[in-house]
Amino acid sequence: MPCEVKPRFLVLYGSQKGQAQSIAEGIAEEAEEKGLVADIYCLSEGGKFNLEKESAPVVFVVSTTGDGDPPDTALKFVKNIKKKTLPSDHYSHLCYALIALGDTNYANFCNCGKTIDGRLQELGAKHFYATGHADDGVGLELVLDPWLEGLWEAIIGALAKMATPQPERDGHVRDLRVSLNETPESSATDVKLHLMSLKESEPPNSDSLRTAAESESTKTEPKSASLNVTEAASETGSAVTDVRPVSLPSNNRTAPKLDSVVTDPKSVLETQSGAPSAVVEASLTRSLPPLSESVLNVPALPPPYLDVTLQEATIEEETSAPVSKETLHEVPISRAVQLTRDDSDKTALLIELDISAHPMAYQPGDSLDVLCPNRASEVGELLQRLCLQDQRSHRVQLSLRKDTKKKAAHLPSYIPENSTLTYMLTWSLELRTVPKKAFLRSLVECTGDSGERRRLQELCSKQGSADYNLYVRDPSLGLLDLLRAFPACQPPLSLLIEHLPKLQPRPYSATSSSMRHPGRLHFVFNVIEFPACTWRPTGRRGLCTGWLSDLVDPILLHPRKAQPSSTPALPKVHVSLRENCSFRLPSDLSKPLLMIGPGTGVAPFIGFLQQREKEREENPEAKFGETWLFFGCRHRDRDFLFREELHGFVGNGTLTHLKVCFSRDTPMGTETETGPRYVQHNLLLYAKDITNLLLQENGYLYVCGDAKNMAKDVNETLIKMVSAELQLDQLDAMKRLAGLREEKRYLQDIWC
């Protein structure tokens with residue numbers, strides 16, 4: 001008999017921090033279970049695949065980074081497909097599906113995925129399945145899970161259409177259809193998805209959403225704000241959708257309806273007579289009906305792929321500094337200043353780095369990455385929980401399991417060879433990351449307690465999506481928080497290495513100009529405080545901001561702090577420069593600038609103004625455009641950052657207009673009586689000037705700060721202003737602002 005030829009398709013991903021890669025790998029792994037072959041490559045591996053000659057269906061998984069930019073791994077691919085010399089039928093043979101990952105807290109939601117999708121369509125490629133836009137702002141799996149669920153029927157349909165006339169292949173496609181409860185006549189166009197899109201007449205962050213069940217189309221809507229797949233239950237972090245029922249008592253085997261999977265955190269327990277007896281609250285470790293009585297659909301167990309051995313080191317060699325192949329510079333902190341009063345709600349610090357010995361040429365608008373370690377106390381607690389405290393100095397040896405079923409398994413490149421256990425947990429793994437559902441699914445196998453097993457199964461199941469979001473995702477629980485809640489759970493070290501992502505450096509905006517401070521680089525931050533919760537008995541500080549605060553304490557300048565009699569040694573940090581090619585001052589000095597930055601969002605604008613001040617000194621005859629800065633803080637006397645320097649810029653003409661508001665000094669609801677409360681209220685007072693500056697004088701608008709609230713509020717206010725001043729309807733006003741974004745004159749440096 002001839003050898004059976006398994007139907008093949010191609011999976012391509014573009015990932016910045018591993019999310020898209022994990023999803024793509026999950027698709028490839030599940031393909032094997034369904035009798036398919038998936039070739040999987042990163043978009044940066046252009047030499048290993050050839051879309052110009054690809055005859056199989058292609059699945060793209062693409063994330064977006066920065067202000068709508070492609071991830072580094074997709075930059076070259078995007079550049080290549082955007083070439084204007086490509087003919088309109090360049091990809092007319094190509095049949096593809098695409099899932100884009102993004103965050104609606106940022107303006108250019110899923111921009112990379114939309115760019116690739118739109119360009120492939122322009123070049124003649126066709127969809128075999130509807131594009132999905134997954135939103136990390138509310139949980140990727142609201143879109144991702146139903147999209148993945150419908151993907152397999154769509155792939156089978158596409159393979160049936162594209163298959164060559166080989167009896168054994170066609171027969172296998174028919175067998176696959178039967179295994180998926182399909183008929184040979186079904187196709188991708190029969191796949192029904194719940195689609196969610198923003199009305200074009202509403203602002204991008206409108207709460208008003210319309211949902212409709214639509215069939216897959218081979219054309220995208222060119223002006224659609226977003227096209228999202230959704231269903232009632234969300235599921236976060238699971239890269240596979242093969243579901244397996246959990247055995248429950250026979251009287252509870254009916255699967256719950258979709259409208260019943262969201263559980264109320266409180267439930268009234270009734271006696272046999274039906275009278276309410278007590279109010280019991282659901283929690284991280286406790287569920288209530290209907291979830292506690294549901295048949296669960298849980299993700300397939302992720303295949304293990306690492307073998308880990310610990311070898312006793314012959315020489316004690318504990319490393320306290322990171323070893324990285326990345327472009328890291330170890331630089332001293334030459335100065336640290338507390339910018340806020342002790343009674344301020346937040347503590348803001350300015351740090352000055354001495355970069356004179358390092359080739360770090362930066363411009364205002366750039367940022368730097370600071371590599372920080374995990375806290376020693378958290379590393380120690382984890383070692384104790386894993387019963388590995390006596391082996392903390394042992395060398396970690398990693399190898400791939402010979403029997404692994406994981407597709408494209410590889411050793412994590414961010415863990416140095418022969419690193420000690422303490423070093424690896426300190427510098428390589430992100431211990432505070434919120435465990436994804438695939439991780440929870442693996443933890444099910446690590447506890448012998450039946451109650452813990454059931455609850456972990458619930459939290460990683462579709463039916464437990466609401467509980468997962470409420471008790472894990474929303475409070476940002478980390479691995480240690482979870483292990484405290486499930487004391488019988490004892491995961492092996494290999495499982496942690498497989499599921500915990502790389503410890504990422506933290507970015508900070510440059511707060512200085514090298515023209516004003518040669519050989520120095522300043523940055524500013526608030527020390528982040530996280531409140532205590534049930535499974536985190538004491539509050540904690542942000543990982544990097546807390547570490548930096550402790551690091552600079554011996555040299556911190558503060559009016560009420562006694563200075564040491566001797567000069568302490570300057571602490572050092574490992575940093576790398578992150579260039580921002582768009583968030584920059586315009587090359588034309590005559591263009592007006594509008595800067596909006598409350599709190600520490602003012603940071604890059606201090607660098608802008610220092611630069612502009614120097615340019616004015618060096619070009620006294622040049623014509624400079626107006627400069628406006630809208631700043632806001634809570635209290636005039638406690639946290640007005642850079643007050644003296646800003647007033648100095650106003651005094652010498654560098655800053656034309658400084659508009660400041662104080663949210664806590666202004667009673668609620670009295671903006672018209674005592675002044676504006678927030679920066680967006682201040683903007684409204686100057687609507688005519690701002691509209692003229694942006695749309696008549698071709699000015700530049702910069703926004704820096706919080707993405708979830710401030711940036712959205714500012715955008716909505718700008719829409720209202722443009723609409724009112726130009727007598728436009730809301731949609732046309734939105735289009736005018738969208739035009740500014742396209743022209744790179746509405747720029748954001750924002751964070752969640």
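Tutor: What follows is a series of questions about labels and the values behind them. Please note that the model is predicted.

Student: What is the mean pLDDT of the protein chain?

Tutor: The mean pLDDT is 83, and 80% of the residues reach 70 or more. Over residues 165-273, however, pLDDT stays under 50, although the model has 257 contacts beyond four places in sequence for that stretch. Residues 669-673 also stay under 50, with four such contacts.

Student: How many disulfides are counted?

Tutor: The count comes to zero disulfides. For Cys-112, the nearest cysteine sulfur, that of Cys-110, is 9.5 Å away, whereas a disulfide requires sulfur atoms within 2.5 Å.

Student: Why are Cys-112 and Cys-372 called buried?

Tutor: The term applies under 20% relative accessible area. Cys-112 has 2% relative accessibility and therefore counts as buried. Cys-372 has a relative accessible area of 0%, so Cys-372 is buried.

Student: What is the phi of Cys-387, and why is this residue called exposed?

Tutor: Phi of Cys-387 is about 60°, a positive value although the residue is not a glycine. Cys-387 is placed in the loop between helix 6 (376-385) and strand 18 (395-400). Exposed means over 50%, and Cys-387 has 56% relative accessibility, so the label applies.

Student: Is Phe-642 buried or exposed?

Tutor: Phe-642 is buried, because its relative accessibility is 12% and the limit is under 20%. Phe-642 also has a positive phi, near 60°, without being a glycine, and lies in the loop between strand 26 (627-633) and helix 15 (643-651).

Student: Which omega accompanies the label cis for the peptide bond from Pro-289 to Pro-290?

Tutor: Omega is near 5° for that cis bond. Pro-290 is in the loop between strand 12 (276-281) and strand 13 (297-298).

Student: What describes the packing of helix 19 and helix 20?

Tutor: The axes of helix 19 (residues 707-726) and helix 20 (residues 730-742) come within 8 Å and cross at roughly 115°. The crossing is right-handed. Among the contact residues are Leu-718 and Val-722 of helix 19 and Met-734 and Leu-737 of helix 20. By class, the contact has seven nonpolar, three polar and two charged residues.

Key
Residues numbered from 1 in each chain as written. Predicted model: local features only at pLDDT ≥ 70, side-chain atom pairs only at ≥ 80, totals over all residues. Heavy atoms only, no water. Axes fitted to C-alpha atoms, helices over the stretch in contact; angles between N-to-C directions. Helix = DSSP H or I, 4+ residues; strand = E, 2+ residues; numbered from the N terminus. Left-handed = near helix turned anticlockwise from the far one by under 90°. Contact = heavy atoms within 4.5 Å. Nonpolar A, V, L, I, M, F, W, Y, C, P; charged D, E, K, R; others polar. Buried < 20%, exposed > 50% of the residue type's maximum accessible area, 1.4 Å probe, protein only. pLDDT = per-residue confidence, 0-100.
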